[in-house]
Amino acid sequence: MASTAAGKQRIPKVAKVKNKAPAEVQITAEQLLREAKERELELLPPPPKQKITDKEELNDYKLRKRKAFEDNIRKNRTIISNWIKYAQWEESLKEIQRARSIYERALDVDHRNVTLWLKYAEMEMKSRQVNHARNIWDRAITILPRVNQFWYKYTYMEEMLGNVAGCRQVFERWMEWEPEEQAWHSYINFELRYKEVDKARTIYEHFVLVHPEVKNWIKYARFEEKHGYVAHSRKVYERAVEFFGEEHVEENLFVAFAKFEETQKEFERVRVIYKYALDRIPKHQAQELFKNYTMFEKKFGDRRGIEDVIVSKRRFQYEEEVKANPHNYDAWFDYLRLVESDADADTVREVYERAIANVPPLQEKRHWRRYIYLWINYALYEELETKDPERTRQVYQACLELIPHKKFTFAKMWLLHAQFEIRQKNLQNSRKIMGTAIGKCPKNKLFKGYIELELQLREFDRCRKLYEKYLEFTPENCTTWIKFAELETILGDMDRARAIFELAIGQPRLDMPEVLWKSYIDFEIEQEEFENTRNLYRRLLQRTQHVKVWISFAKFELSIDEPTRLLKCRQIYEEANKSMRSCEEKEERLMLLESWRDFEKEFGSDSTRDRVRKLLPEKVKKRRKLTAEDGSDAGWEEYYDYIFPEDAANQPNLKLLAMAKMWKRQQQPEDESIQMETEQQNTHGDRSDGSSQEEKEEEEREGSRRNKEEKDQSPP
């Protein structure tokens, strides 16, 4: 750092880099390392080779090396590699005794070191010290019996020496420790190399018990098959199936078993094996099984066999579905349909029993609607397919006992049971069933079904009694009254039918009174009791003033072949018009007048037609203010209204409205003449004073006021 004359220190200037662009040749770390390797900067020259010429130099060399090795061992006794190097150096000098001593000292330090034992034993084997090697292997497998490498080396040495009995003895000692699978296979292969098949079979017997896995049983069976013992192989497969049972069985075992039987041309046995397996293995675990079964049937089966495979697969799917959700009745229906098409009666019954055992958990009818069809299908199957009436009867009885009739019932079950007894020509039981049903849980459908049954049997007295019970149960049911009256009409007892109708219309509450009255009127018309019909119309009009009743009354009078029919019909129309003047429903009044107009158009004269035409209303469009639910203004709404002339005569506002319209029509030509005069005055000049201007403004205000009044009075 430089200093100035005043003694201040001066900082030297830093040179600025002017060109900051990257160099053309870039040097990477890899390039630096590669150059260092090429120039051999880190290599040291090898030490000079020492040539030993006499024994003293050799002893001196040995002493120095041994001292170096001993110093290394003394520094860290636990590093086994130092011991091994020391022993291998002594071995290279053929000092076997010294090397043995070093290995023994090392074993005292770490007797569980696998490498140490292996090097020690290999040294003895290289030096052909067999007994020493055996001794070392024995010590090694005694101290470390789970190290498989010792056993493999030991057995290999004995076999190479030709000591088969000794090798077998070592294997037996090894097997007592139940080693891994490869050890067993080594023992088996050893016996097979010397053609000892029986001893290999014995080893397999022990092996499949120590390692009870499917693949080991399959290997055992294939071993027997390979050596020509077909019966033994089949027995091994059968023992395997029995050994694993139904809980731990796998598809691979059955696939192997089936393929074995296929090679032996036992095709029926193959089918039995596949079907047995499919019945016991879950679907998601049997994909390979299905695949092999299908391939087998395609190769050796017929069309029926292939269909059986497909059916079995579908059956498996349905089994899984109903196991996952036993109350999935749709799955049960599909399953039963499949079983019925391809199984014997006992199997179908078993599936039906399993299905109906899944009773809905809640006693609500909506949960039982699908379930009850399982019972119906079961009963129909027993009756139509198996032809077993007794079992069918038992199914119906069991179902009816199961249904909680106090909360709800199913009329179709009672009716099907009764109809079944009819088909069995057991009428008494059928009537008992229907009587029990009506007594326990009366329903409209039950009464209708029972009455229909008795009608088919032509038991009319019973039908009358049933109708009486039915009407006691539901007196407001108009359809029942009508059917009862129709029955009496068919039987020719008109007085009873008329009495039934009278009782019916006298009921305080009816579900469809208009239908009942119409039926009563039609009944009297069919009997040509026209006076009774008129009385019925009059009685009905006392209860209701509905326009359809008036029109029907008028048409009735018109339909009677009498000279005064037109007069009576016209009188009814006039009476109806007077009666409906106070009716708020103007559309109904319009309907009456239109019907009257059509009547006069066909049967009336010009005067009567004009009279009716004058009575027809005028259709006008109006506006009314809408109010929302919260009371706020919701705008305006347009609607059509009917103004009847008879009503307009009684309302002065309507007369005023008509006069305003006439004035407006008269006012239009006057406005046109005033406009023409104004245009002429404008051509002569703008002559105006204060009084004329005020009169014009007054006239304009008066005209706008009149127009506003007309708009308020007239509909938009």
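Mentor: Helices are DSSP runs of H or I with at least four residues, numbered from the N terminus. Arginine 611 is found in one of them, helix H33. Please bear in mind throughout that this is a predicted model.

Trainee: How many helices and strands are there in the protein?

Mentor: The protein has 36 helices and four strands. Of its 716 residues, 35% are buried. Among contacts between residues at least 6 apart in sequence, 47% join residues at least 24 apart.

Trainee: What makes arginine 611 count as partly exposed?

Mentor: Buried means under 20% relative accessible area and exposed means over 50%. The value for arginine 611 is 45%, so this residue counts as partly exposed.

Trainee: How do helix H32 and helix H33 cross, and how far apart are their axes?

Mentor: The axes of H32 (residues 586-603) and H33 (residues 606-615) come within 9 Å and cross at roughly 165 degrees. Angles over 145 degrees count as roughly antiparallel, and H32 is therefore roughly antiparallel to H33. The crossing of H32 past H33 is left-handed.

Trainee: Which residues make the contact of H32 with H33?

Mentor: H32 contributes Leu593, Trp596, Arg597, Glu600 and Lys601, while H33 contributes Thr608, Arg609, Val612 and Leu615. Sorted by class, the contact has four nonpolar, one polar and four charged residues.

Trainee: Why is H3 described as roughly parallel to H5?

Mentor: H3 and helix H5 (residues 114-126) pack at an angle of about 5 degrees, with axes 11 Å apart. Angles under 35 degrees count as roughly parallel, and the pair H3 and H5 is therefore roughly parallel. On the H3 side, Ile80, Ile84, Gln88 and Glu91 meet Thr115, Leu116, Lys119, Met123 and Lys126 of H5. The classes in this contact of H3 with H5 are four nonpolar, two polar and three charged residues.

Trainee: How do you know that H6 is roughly antiparallel to H7?

Mentor: Helix H6 (residues 130-143) and helix H7 (residues 148-160) pack at about 150 degrees, and their axes are 10 Å apart. The cut-off for roughly antiparallel is over 145 degrees, and H6 is therefore roughly antiparallel to H7. H6 passes H7 in a left-handed crossing.

Trainee: How many nonpolar, polar and charged residues are in the contact of H6 with H7?

Mentor: The contact is made by Ala133, Arg134, Trp137, Asp138, Ala140 and Ile141 of H6 together with Phe150, Trp151, Lys153, Tyr154, Met157 and Glu158 of H7. These residues divide into eight nonpolar, no polar and four charged.

Trainee: How many aromatic pairs does a search of the whole structure find?

Mentor: The search finds 24 aromatic pairs. One of them joins phenylalanine 69 and tyrosine 86, with ring centres 5.0 Å apart and planes at 15 degrees.

Trainee: Why is the pair of phenylalanine 69 and tyrosine 86 called stacked?

Mentor: Ring centres must lie within 6.5 Å to pair, and planes under 30 degrees apart count as stacked. With 5.0 Å between centres and 15 degrees between planes, the pair is therefore stacked. Phenylalanine 69 lies in helix H2 (residues 55-75) and tyrosine 86 in helix H3 (residues 80-92), so the pair ties together parts 17 residues apart in sequence.

Trainee: What makes phenylalanine 69 and tyrosine 86 count as buried?

Mentor: The limit for buried is under 20% relative accessible area. Phenylalanine 69 is at 14% and so counts as buried. Tyrosine 86 is at 4% and so counts as buried.

Trainee: Why is the pair of phenylalanine 69 and tryptophan 89 called tilted?

Mentor: The ring centres of phenylalanine 69 and tryptophan 89 are 5.8 Å apart, with 45 degrees between the planes. Planes under 30 degrees apart count as stacked, over 60 as edge-to-face and the rest as tilted, so the value of 45 degrees makes this pair tilted. Phenylalanine 69 is in H2 and tryptophan 89 in H3, so the pair ties together parts 20 residues apart in sequence. Both phenylalanine 69 and tryptophan 89 are buried.

Trainee: Which residues form one aromatic cluster?

Mentor: Trp151, Tyr152, Phe171, Trp174, Tyr187, Phe190 and Tyr194 form one such cluster.

Trainee: Is arginine 370 buried, partly exposed or exposed?

Mentor: Arginine 370 has a relative accessible area of 43%, between the limits of 20% and 50%, and is therefore partly exposed. Arginine 370 is found in the loop between helix H19 (365-368) and helix H20 (372-385). Leaving aside neighbours within four places in sequence, arginine 370 is in contact with Tyr329, Asp330 and Phe333. The C-alpha atoms of arginine 370 and aspartate 330 are 8.0 Å apart, although 40 residues separate the two along the chain.

Key
Residues numbered from 1 in each chain as written. Predicted model: local features only at pLDDT ≥ 70, side-chain atom pairs only at ≥ 80, totals over all residues. Heavy atoms only, no water. Axes fitted to C-alpha atoms, helices over the stretch in contact; angles between N-to-C directions. Helix = DSSP H or I, 4+ residues; strand = E, 2+ residues; numbered from the N terminus. Parallel < 35°, antiparallel > 145°, perpendicular 65-115°, else oblique. Left-handed = near helix turned anticlockwise from the far one by under 90°. Contact = heavy atoms within 4.5 Å. Nonpolar A, V, L, I, M, F, W, Y, C, P; charged D, E, K, R; others polar. Phe/Tyr/Trp six-rings, centres within 6.5 Å; stacked < 30°, edge-to-face > 60°. Buried < 20%, exposed > 50% of the residue type's maximum accessible area, 1.4 Å probe, protein only.
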